[in-house]
Amino acid sequence: MMVPLSYYLLLSGFLFVCGVIGFLIKRNIITIFMSIELMLNGVNLSFVAFAAQWHVLSGQVFVFFVMVVAAAEAAVGLAIIIAVYRTRETLNVDRVNLLKL
Amino acid sequence: MFHLILFLFFGAICVAGAVNLLVQSHPINSALSLVAVMGSLAVEYLLLGAEFLTAVQVIVYAGAIMVLFVITIMLLNAGKEEGSGGSRVAILLGIPGVLIATLLVGWTVLFHSNTRAVPLGALKGDPRAIAQLLFHDFLLPFEITSVLILIAIMGAVVLTSRPEAVARGPRRDG
Amino acid sequence: MSIPTFLIISLIKSLAVIFVLMTAAAYSVWLERKVSAHIQNRWGPTKVGPFGLLQPLADGVKFIFKEDLVEANVYKPLYIAAPIIAMMFALTSIAVIPFGNWVEVGPWGTYLQVTDMNIGLLVILGCTSMGVYGVALAGWSSNSKYSLLGGLRASAQMISYEVSLGLALVGVLIMAGSLSLRDIVESQRHFHWNIFFQPVGFFVYLISAYAETNRAPFDLPEAESELVAGYHTEYSSMKFAMFFVAEYCSMVTVACLATLMFFGGWLGPVGGPPILQALLPVLWFCLKVFFFMFLYVWVRWTLPRFRYDQLMAFGWKILLPLAVANIVVTALIVAWKAQHAL
């Protein structure tokens, strides 16, 4: 039984769109970062799906690089969040709107 | 048959997790729904044949990156978030716009993309083949990404160190 | 074989393995109490059954009848989910561990393993990675400062030592050439046990595993004298029993993995009639796992515990470079031998 690849692409697109919507409407910094991770996961699924269709293993290798970059970005991003929390005492992006405290 | 059932089951978990991330107000609930999404995505990769990627997704993404998120939420004692004001223009234009865009994109992808159906385990991504690619054809990106991680580690340590602790120097006991 | 036969055989295997694992976890508690008692020059449980062998049963009954206290301020969903998560991932990793060879009962034959995956070793590493959630969420949802500190310390310790755990096993993988646990054991035939070829890897693995399962001398997160009881301070009766069982199950899994990767798994002298040939490998496997469980208890009651910053420094500054150096040296030797064999 074969599943059409477009189903995988639709799932990937849905995850990406949920990530974008989360990025735009959420107000907590950490949740915004998690929406970014959701976007990256949606893209990973696209990579693997197309690798499966065209039988090119590089698609799966590229997912590695996306994961590694996501890990590095999450680490640095969370460090920034902790630094922002220490100075501003808030995790709400609407309150982090002045350069001077 | 099994392929479609498994895809739909874990796809439903992915969708539910993604929607739950948006709907929940406490970040810890969003984090745990994201872990559920990553777990079911790992199974989707397995359905497409990428077995090594499944393991790496669980170990790295769900087991390390999301643990980092959860630990940060615990450390900063993040509470429920206050909602933003919300603008009526955004709701009036946004929701129909998203629906129309979704239908358009869905229709194009389903019927007019040049994609075929894939069998279960379409492209076997066993560790040996992936290692062959990673260390021969993609060696330069591999090395550059390792330097990238090193820079990220150093950056994270510097960003979270307190200035007075840096001035004091490393502890001399133990 | 047909799908219904396959499903029935897998179900039987899964039930048998879970039953054996839970019994092993319960009796490793008995082993710990007896061995610790003799190390401390006292008797340990002797009243309940001969040599106190029914003590785990009595403990189980006690846990069921204990009052289940739930604090008012806990975050209910995660408070209840955390022990379930911890136990779920502790039990899942046993699915890929092979206990013996091919066994045939009548017209059906099967490997003595619930499932043999190409990436079997990574499944175990994945389960240890996910097990951190049980600890972190338990500490946070209990809404008390001891639990939170204990949970944070425990999860930071676990994710730090996971890295050296995985890297220590890469040396074995380079020599075996496969991630499937059955292939790794098969590559150790004829007494080519990996302990002789990877001594450094073995010690790094063992130390990282002790830290990963939060056992002495790395058990500061649940040290009674420091943090009351760490992340499971606010838990009582059945939920505490689930954490307890999860910890001992992960100890058993670590011991199984050590025997598979370094001590030849089920390989040992076999002979005699087919029934003996099927059961003797399982006996060797169990003896080796028992040795590792004994070693666990022995080390716990002999060594004092590390301070937390000493613990983290040890993991990152000593074990991790050692594991990486082991990989480099192993890879160099394997490549040199392959080149000279051509």
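1. Where pLDDT is low, the predicted coordinates should not be read in detail.

2. Confidence in the complex, and conventions. For the complex, the predictor gives an ipTM of 0.92 and a pTM of 0.90. Residues are numbered from 1 along each chain as its sequence is written, and chains are lettered from A and ligands numbered from 1 in the order in which they are written. As this is a predicted model, local features need pLDDT of at least 70 and side-chain atom pairs count only at pLDDT 80 or more, while totals for chains, interfaces and linings use all residues.

3. Which chains touch. Two pairs of chains touch, and the pair with the most contacts is A and B; a contact requires the C-beta atoms of two residues, placed from the backbone, to lie within 7 Å. Chains A and C do not touch, and their nearest C-alpha atoms are 14 Å apart.

4. Chains A and B. Here 65 residues of chain B are in contact with 57 residues of chain A. The elements of chain B that give two or more residues to this side include α1 (2–23), α3 (51–76) and β1 (117–118); helices (H or I, at least four residues) and strands (E, at least two) are DSSP runs, numbered from the N terminus. By class, this side of chain B has 48 nonpolar, 13 polar and four charged residues. The classes are nonpolar (Ala, Val, Leu, Ile, Met, Phe, Trp, Tyr, Cys and Pro), charged (Asp, Glu, Lys and Arg) and polar (the others, Gly among them).

5. Strand β1 (residues 3–4) of chain A runs antiparallel to β1(B), and two bridges join them; strands pair if DSSP finds at least two bridges between them. V3(A) has V118(B) as its bridge partner in β1(B).

6. Chains B and C. This contact takes 16 residues from chain B and 20 residues from chain C. On the side of chain C, two or more residues come from each of α4 (120–141), α5 (145–176) and α12 (308–341). The largest share, ten residues, belongs to α4(C). By class, this side of chain C has 13 nonpolar, five polar and two charged residues.

7. Helix α1 of chain C. Helix α1(C) (residues 3–39) has 37 residues and reaches 52 Å from its first C-alpha to its last, close to the expected 54 Å (1.5 Å times one less than its number of residues). Its residues L21(C), A24(C), A25(C), S28(C) and W30(C) are buried. The cover over the buried residues includes α2 (55–65), α3 (76–92), α10 (237–262) and α11 (274–300) of chain C. Just after α1(C), N41(C) takes a positive phi of about 65 degrees.

8. The hairpin of chain C. Strands β1 (residues 102–105) and β2 (residues 108–111) of chain C pair antiparallel over four bridges. W102(C) has Y111(C) as its bridge partner in β2(C). Two residues lie between the strands of this hairpin, and G106(C) takes a positive phi near 65 degrees.

9. F2 of chain B. F2(B) is placed in helix α1 of chain B. F2(B) counts as exposed because it has 10 C-beta neighbours inside 10 Å; with C-beta atoms placed from the backbone, a residue is buried if 20 or more other C-beta atoms lie within 10 Å of its own, exposed if 12 or fewer, and partly exposed in between. From F2(B) to G155(B) is 153 residues in sequence and 46 Å in space, C-alpha to C-alpha.
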